[in-house]
Amino acid sequence: MLDSLERGLRALWVVSPGGHLEEAIRLDRLLQTSADSIWITARTAQAESLLKERQAIFTDYVQPRDMRGSLRVARTVIGRLDLSNYDVCISTGAAMAAAPMLFASHRGLLTVFVESLARTDGPSVTGRIVKLDRRIQLLTQHREWADRRWRYEGSLLDSFVASELAPMQDDGLSILVTLGTIRPYRFDRLIDQVLISTKPADRVFWQVGASARDDLPGDVYEELPAHELADIAGAVDVIVSHAGVGSTLLALGAGKSPLIAPRSRKYREHVDDHQEQIARDVSRRGLADMLALDRDARGGRQALLRAARRRVMSV
């Protein structure tokens, strides 16, 4: 990906935490940007952990579609940075990036917006906003909706393949359940499905984000630093996750084929239904299975065992 950009550029990254930051980190590894690059994102445990070896400016959290919050981030850029010191401004979204990208483009800086993996059917609200500036270069990770403005240069998912191992005995699983860190949205339907699908012999690790509960067995965390979450992901038998890009990439990078469940706007679990898109895409590629939130304990258990039999490799 990002074949049109030179390696080693001094980049200004403006990225929301969570899945958008996970994608940007992986893109940065491909680009091998300069050590003098700057990262602007909201302060979270995940962001601080991922960026501990990089130069970063942390801002307040910007909720989805919060344009006032995006303008506050733009004022941070204006007040603290000389854009002439950078070669490119890059973002994978979301809301916090819109105003800073428009400002950077207006000041003459090469500006590139890479739409999230989650957007398989078309651009996000942020994508539609930055498209209004014809100087901003636009990239999609899905060939199906590429056009003259939205150029396709591959997908981060292209580097993963899955294989199946022999069946395993159902004598207890180690399970990581991660609901991401998106606020203020809860995802109790997924928690409830996991609770009826697990057994007393299982050991469960939970990263619940905004979905705090007092009825969860095992080890429960609101949010973990990225390296600690990655350590758990690498050690467990199976990962169950909301269909967020960051959590999906975490699982695949740990060699696991996750069970994923999309959040739904109908149940006020997210601002829209875009997680359906990434869930369909990774399922179509054979990299993950979707977990039905239908209160069927037997079906949920079998899904856990199938996921535990699969492994993912990077190619």
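Reader: In what order do the strands of the open sheet lie, and is the pairing parallel or antiparallel?

Author: Please note that this is a predicted model, in which local features need pLDDT of at least 70 and side-chain atom pairs count only at pLDDT 80 or more, while totals for chains, interfaces and linings use all residues. Residues are numbered from 1 along each chain as its sequence is written, and side-chain values use heavy atoms, without hydrogens and water. Strands (E, at least two residues) and helices (H or I, at least four) are DSSP runs numbered from the N terminus, and two strands pair if DSSP finds at least two bridges between them. Here seven strands form an open sheet with parallel pairing, in the order β3-β2-β1-β4-β5-β6-β7. Its edge strands, β3 (55-59) and β7 (150-152), each pair on one side only.

Reader: How many bridges join β4 to β5?

Author: Four bridges join β4 (residues 88-91) to β5 (residues 110-114). Within this pair, I90 stands opposite V112 in β5.

Reader: Which strands does helix α3 lie across?

Author: Contact means heavy atoms within 4.5 Å. Angles run from 0 to 180 degrees between N-to-C directions, with axes fitted to C-alpha atoms, for helices over the stretch in contact. Helix α3 (residues 67-80) lies across β1 (11-14), β2 (38-42) and β3, at about 135 degrees to β3. Helix α4 (residues 98-106) lies across β1, β4 and β5, at about 150 degrees to β5.

Reader: Is helix α8 mostly covered or uncovered?

Author: Buried means under 20% relative accessible area, exposed over 50%, and partly exposed in between (1.4 Å probe, protein chains only). Helix α8 (residues 245-253) is mostly covered, with eight of its nine residues buried, including V245 and L249. After α8 comes G255, whose phi is positive, near 85 degrees.
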